[in-house]
Amino acid sequence: MTSNHTNDSQTPTAEEPLSSAHTPSEAYAAALAGFDGYYRRLLICIGSVMLLAVALALLTPVVIGVAVAALGAVAYAYYTKNALSSRLGLTYRSIVGGLAITSIKPSCGQTVYVPATLMYTRVITLKACALAKEGHTVELLYLPATLRTVEDGAWDGAISLRTVCFGGTAEQWEALGAPALPEGVSLSFEEDYPRSRA
C-alpha cells in the first residue's frame with residue numbers, strides 16, 4: 001500500500017539548507033551532552049567492574065580480582081578515548097593538574113570547540129601539532145579560559161584557520177605566552193560556549 005501524504009519530517013534534504021537548529025554550536029552542545037551521558041554510564045559500568053574485582057579478590061585468589069580490575073582499567077581507557085574522538089574530535093593526555101589536548105579534528109563542520117572540562121577534569125594545555133593531523137579543515141577554533149599553556153607549534157598544520165575565539169580575557173591570553181597566531185588569523189576574547197543539552 002502506498003501513501004499519498006507529504007513528508008513532514010524535520011530532516012533536511014540535500015536540496016534544502018540546514019536550518020538554524022543545525023548550527024555548529026548546537027551540534028557541539030549535543031555532542032558534548034552525548035559524551036557526558038556516555039561517560040557517566042561508563043563510570044557506572046567500570047565502577048561495577050571494580051566492585052566485582054574487590055569481591056573476587058576477597059572470595060577467590062587475589063590474582064583473579066587484580067586481573068578483573070586491570071581489565072576494567074583497560075576498558076575504561078579504550079572506551080573513553082574512542083568516544084571522545086568520535087563524538088568531539090579530540091584526543092587527550094592526562095598531565096599534572098588536568099588534561100592536555102593532543103589532537104583535534106573537526107566534529108562540527110570546520111568549527112572546533114575545546115571544552116573547559118572533560119571527564120570532570122579541566123583542560124589546561126593545547127599541545128604542539130594538535131591541529132596538524134586534521135588542521136587543514138579547521139577554520140574556527142574555540143579555546144577555553146581554563147588553558148594555562150598553548151605550546152609552541154600548536155598552530156602547525158592549521159593552514160585553513162581563520163579565527164581563534166578564547167573564552168578568557170586578553171590579559172589571560174597574554175599570560176599563556178601562546179605562540180603568535182599565523183598571519184591572517186583573528187583572535188577574539190571572552191567568547192561564550194554553547195551549553196551542553198543534558
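A residue is called buried when its relative accessible area is under 20%, exposed when that area is over 50%, and partly exposed in between, with a 1.4 Å probe and protein chains only. The model is a predicted one, in which local features need pLDDT of at least 70 and side-chain atom pairs count only at pLDDT 80 or more, while totals for chains, interfaces and linings use all residues. Residues are numbered from 1 along each chain as its sequence is written, and side-chain values use heavy atoms, with hydrogens and water left out.

Rings of Phe, Tyr and Trp (its six-membered ring) form a pair if their centres lie within 6.5 Å, and planes under 30 degrees apart count as stacked, over 60 as edge-to-face and the rest as tilted. Eight aromatic pairs are found in the structure. In one of them, the centres of the rings of Tyr 28 and Tyr 113 are 4.4 Å apart and their planes stand at 25 degrees, so this pair is stacked. This pair links distant parts of the chain, since Tyr 28 belongs to helix 1 (residues 24-59) and Tyr 113, 85 residues apart from it, to strand 3 (residues 111-113); helices (H or I, at least four residues) and strands (E, at least two) are DSSP runs numbered from the N terminus. Tyr 28 is buried, at 2% relative accessible area, and Tyr 113 is buried as well, at 6%.

Tyr 78 and Tyr 79 make an edge-to-face pair, with 5.0 Å from centre to centre and 80 degrees between the planes, and Tyr 79 is partly exposed at 42% relative accessibility.
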